[in-house]
Amino acid sequence: MHVLVLGAGVTGVTTAWSLLQAGFEVDVVDRQPAAALETSFANGGQISISHPEPWSSPAAPLIALRSIGRAEAPLRLRIGLDPARWRWLAAFLRECLPARHRRNAHAIAALAVHSGERLRALREATGIEYEARTRGILHLQYTAREVTEARARLGLLAAHGIRAEVVSPQQCVDIDPALATVMPRLAGGLHAPDDESGNARLFTSALAELAAARGARFHYETTVEAIDTAGERVLGARVRDAAGKRVLAADAVVVCLGSFGPALVAPLGERLPIYPVKGYSVTAPVIDAARAPIVSLTDESRRLVASRLGETLRVAGTAEICGFDASPDASRTAPLLAWIDDLFPGACDTTQAEPWAGLRPCTPSYVPVIGRGRVDGLWFNTGHGSLGWTLSCGSADIIAALIAGRPSPVPAFPLRGDTP
Ligand SMILES: Cc1cc2nc3c(=O)[nH]c(=O)nc-3n(C[C@H](O)[C@H](O)[C@H](O)COP(=O)(O)OP(=O)(O)OC[C@H]3O[C@@H](n4cnc5c(N)ncnc54)[C@H](O)[C@@H]3O)c2cc1C
């Protein structure tokens, strides 16, 4: 059976890899000249199994209200006329209800645990290198209230076998000595020793090369214009490249197009509830390794994450709901640079930092869309939001199993069509 994967970001490439492992013939199409050049390019680097709680939470509406009019606020919402944005926001508000938030967090946690296992297995089987660090993630808390909230999360994590403990400021420094200068400001931390970090772009491009060596065909600089169907069956995709337009025929098509999937499948009557939530990162060269963090960090109150990637420190965060413009904005990356200089003075040369912005493909529930479409042979593995790097190996494993006619390896995860 021949499967066409649309999109060569981290979800498309892991999908292609899992399909090859399952014995399928695989083609991958992407409009860019190489893999991982859009949202998978410079994300926060965290394999954050210990943070399955969706952004659509009971606290989110208040956070959004508090952000209004504050230029440096981590969340920015642009009022516009795009009906898709308003539909998405209304659905997001519904997903903030406590029961829905809990249900979504459990679904994401189940997938995250499986994904961590698949990533480790893939690394062991292939020896793939991507600046991986397996020192866990430390969530920083500055107030007693944040520590109490962290403690309240332990039950959810324990229910999924995710190891995590609340630690004191001194223990934070024991875990990462670079935090010594910050210690007086800390109230505590949540340490998840099994979490990881790594460079998603390096991983994706290395995995694409491994997949190509095992027979997958990659069609870069090739834009998908439509999915081709006849009656109730998928025939392939209509694409355009430098040579012109053509059809890539396949028995099955998997949509992994990030924020651009909904427009492509809408003519088939498919409504993908995905909207772009823009985020930023800066990647600064480390100039004093002793002062730079060695453990991946999550700054809960400032909503930032930081990961050491090779000889650099990557800091990522902020959320803007403002459409499809992915260009960086210096006023939004400035707080990320200030954070580095504030917490780790002298560690990095922030004047040399590379700014970047990307569009997280977010569903209102933050649960990705995995499963079948309405017509035979159409499949989805998309909408991974702020956790695409964390969840990609697991969701690829699910979609490959489903296409092979096997049950999902994560029974607790709601497949497309099953979500109420
Ligand atoms: C600032 C920021 C920080 C983040 N930090 C983390 C983190 O620490 N941990 C984590 O787990 N996740 C993180 N994420 C989320 C993660 O990066 C995304 O969920 C993930 O990259 C999405 O991968 P994807 O393959 O679905 O999308 P993409 O990487 O965008 O891939 C989609 C591909 O489809 C292609 N495409 C689109 N339309 C067409 C078309 N018509 N024809 C052909 N090709 C097309 C694009 O070129 C692209 O290559 C972060 C995201 C951002 C923005």
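Predicted model: local features only at pLDDT ≥ 70, side-chain atom pairs only at ≥ 80, totals over all residues.
Start with the helices. Helix 1 covers residues 10–21, and helix 10 covers residues 388–403. The two pack with their axes 8 Å apart. Their angle is about 40°. An angle of 65 to 115 degrees would count as roughly perpendicular, and one under 35 degrees as roughly parallel. Helix 1 and helix 10 are therefore oblique to each other. Their crossing is right-handed.

Stay with helix 1 for a moment. L19 sits in this helix. Is L19 buried or exposed? L19 counts as buried, at 0% relative accessibility. Between L19 and G258 there are 239 residues in sequence and 19 Å in space, C-alpha to C-alpha. A second pair gives another span: G346 and T15 are 331 residues apart in sequence and 41 Å apart in space, again C-alpha to C-alpha. G346 belongs to the loop between helix 9 and strand 18 (354–362). With 38% relative accessibility, G346 counts as partly exposed.

Now the charges. How many salt bridges does a search of the whole structure find? The search finds 23. One of them joins the side chains of R76 and E320, at 3.5 Å from N to O. R76 is in strand 4 (residues 75–77) and E320 is in strand 17 (residues 312–321), so this pair ties together parts that lie 244 residues apart in sequence. E320 counts as buried, since its relative accessibility is 1% and the limit for buried is under 20%.

R76 has another partner. Its side chain also meets that of D329 in a salt bridge, at 3.7 Å from N to O. D329 lies in the loop between strand 17 and helix 9 (330–343), and R76 in strand 4, so the pair ties together parts that are 253 residues apart in sequence.

R153 counts as buried, with 13% relative accessibility. Which residues do shared partners join into one network? They are R76, E320, D329 and R332.

Next, the surface. L62, L65 and I68 form a nonpolar patch there. Together they have about 330 Å² of accessible area. L62 is in helix 2 (residues 60–67). At a relative accessible area of 46%, L62 is partly exposed.

Last, the backbone. Most residues other than glycine have a negative phi. Two residues in this model go the other way. T318 has a positive phi of about 70°, although it is not a glycine. T318 is in strand 17, the strand that also holds E320. With 9% relative accessibility, T318 counts as buried. Y366 likewise has a positive phi of about 70° and is not a glycine. Where is Y366 placed? Y366 is in the loop between strand 18 and strand 19 (369–372). Y366 is buried, with a relative accessible area of 6%.

Notes
Residues numbered from 1 in each chain as written. Heavy atoms only, no water. Patch = residues over 30% accessible without salt bridge, like charges linked within 9 Å, V, L, I, M, F, W, Y side chains within 5 Å. Areas by Shrake-Rupley, 256 points an atom, 1.4 Å probe, with all protein chains shown as cover. Salt bridge = Lys/Arg side-chain N within 4 Å of Asp/Glu carboxyl O. Helix = DSSP H or I, 4+ residues; strand = E, 2+ residues; numbered from the N terminus. Buried < 20%, exposed > 50% of the residue type's maximum accessible area, 1.4 Å probe, protein only. Axes fitted to C-alpha atoms, helices over the stretch in contact; angles between N-to-C directions. Parallel < 35°, antiparallel > 145°, perpendicular 65-115°, else oblique. Left-handed = near helix turned anticlockwise from the far one by under 90°.
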